[in-house]
Amino acid sequence: MNKKTVIQSLKAIAFTGTLMFGIFTMDNLASASTEIKSTDPTSENVITTSEEVESNATVNEEVTTLSAEALPAAFNEQAVKTNVETDTTVGAAQQKSIIPKNPPVMTGKPDEKVGNVNKENSGSLISIGIGGGLVESIVGKVDLNIIGGSKVETDEGKKTTGGLVQGDITNSPILGDTHLGVAEGTKIETDDYNYTHGGLVVADIDDSIVGDAHVGVIEKEKVETDEYEWSHGGLVIVETENTPILGNIDTGILENEKFKVKNSDGNNEQPGDTEQPGDTEQPGDTEQPVTHRTTG
């Protein structure tokens, strides 16, 4: 084989190898390009994801818009209710703390006198009142006045009372209603009667467990109406009624009682002053004058 043929064969082999190497390299580059394209963040998959995100954003915006449109009614209603309650509470607190609805009376109960008392004036040197609790359940309600008195005017009349000591026990399960007076006097004036009462010592018990009792020392009382006058008094007067042991007792020392009936003119009418039937003068009973004849 000559030299020229060998050189041509080597050139053909080199060309063929170079061509095969080029083809192999191109195939690898194409595969690499395809893989890069599939993983490229700007690929179609990424674009699709962006569209989905945009769609989700639109949906979220619509939901937010709908929620914003639906919430104000309930929210505003609750807010208004809360504001009203807050304003009412604050207003009530301010009204209570600044000016109370009723007078803040701490030493009496004037509202209980409305409709019952027109005018009242009372006072005492010492006044004691006990009520409520265990004491009232056993003893009753206690009122005690020392060197005191009162004057009350109502639609029914006037009452004036006073004394050195005046004590009352009411609604007692043992003593019932009990009154004690020392150097006491009482006067009542109404359209129907006038009443006066006084005594050095007076004790009166009603509805007790031992019945009713009255004791008076240097006592006198008087009643005057349009029909009669009555008075009763004595050095000592003791009366009991319905007591389990003593029964009914009426005892007096230097006791005196008077009763007078009034006529239609309001004057006192004494017993025996009334004209008895049959005393009227009958016709024809008049006395005839007597004539005397003289003889000449």
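Ile 147 has a relative accessible area of 48% and is therefore partly exposed, where buried means under 20% relative accessible area, exposed over 50% and partly exposed in between (1.4 Å probe, protein chains only). The residue is found in strand 2; strands (E, at least two residues) and helices (H or I, at least four residues) are DSSP runs, numbered from the N terminus. Phi of Ile 147 is near 50°, a positive value in a residue other than glycine. The model is predicted, so that local features need pLDDT of at least 70 and side-chain atom pairs count only at pLDDT 80 or more, while totals for chains, interfaces and linings use all residues. Residues are numbered from 1 along each chain as its sequence is written, and side-chain values use heavy atoms, with hydrogens and water left out.

A positive phi near 50° is also found for Ala 183, again a residue other than glycine. Ala 183 lies in strand 4 and counts as partly exposed, at 40% relative accessibility.

The protein contains 3 helices and 10 strands, in the sequence pattern α-α-β-α-β-β-β-β-β-β-β-β-β. Of its 296 residues, 14% are buried. Contact means heavy atoms within 4.5 Å. Among contacts between residues at least 6 apart in sequence, 41% join residues at least 24 apart.

Gly 149 belongs to strand 2. With 28% relative accessibility, Gly 149 counts as partly exposed. Its C-alpha atom is separated by 5.7 Å from that of Ser 122, which is 27 residues away along the chain. Leaving aside neighbours within four places in sequence, Gly 149 is in contact with Asn 121, Ser 122, Gly 123, Thr 161 and Gly 162.

Thr 186 is placed in strand 4. The residue counts as buried because its relative accessibility is 16%. Its side chain is joined to that of Thr 161 by a polar contact of 3.3 Å. A polar contact is a pair of N or O atoms within 3.5 Å; within protein, one must be able to donate a hydrogen and the other to accept it, and residues adjacent in sequence count only if both atoms are side-chain atoms. Not counting residues up to four places away in sequence, Thr 186 touches Lys 159, Thr 160, Thr 161, Tyr 195, Thr 196 and His 197.

Val 223, in strand 6, is buried, with a relative accessible area of 16%. Val 223 and Thr 196 are 27 residues apart in sequence, and their C-alpha atoms are 6.8 Å apart in space. With residues up to four places away in sequence not counted, Val 223 touches Asn 194, Tyr 195, Tyr 228, Glu 229 and Trp 230.

Pockets were located on a 1 Å grid over the protein atoms alone: a pocket is an open set of points with protein on both sides within 12 Å along at least five of seven lines, a cavity is a set of points where a 1.4 Å probe fits but cannot get out, and lining residues have an atom within 4 Å of a point. Grid points are joined across faces, edges and corners, and a volume is the space filled by probe spheres set on the points.

The largest pocket has a volume of about 1,300 Å³. Its lining comprises 42 residues, of which Asn 145, Ser 150, Lys 159, Thr 161 and Asp 168 lie nearest the centre. Two or more lining residues come from each of strand 1 (119-130), strand 2 (141-153), strand 3 (157-172), strand 4 (176-190), strand 5 (193-208), strand 6 (211-225) and strand 7 (228-243). Strand 2 gives the largest share, 9 residues. By class, the lining has 10 nonpolar, 19 polar and 13 charged residues; Ala, Val, Leu, Ile, Met, Phe, Trp, Tyr, Cys and Pro count as nonpolar, Asp, Glu, Lys and Arg as charged, and the others, Gly among them, as polar.

The second largest pocket has a volume of about 180 Å³. Its lining residues include Lys 220, Lys 222, Trp 230, His 232 and Phe 259. At least two lining residues are supplied by each of strand 6, strand 7 and strand 9 (256-262), and the largest share, 5 residues, comes from strand 7. The lining of this second largest pocket divides into 2 nonpolar, 4 polar and 5 charged residues.
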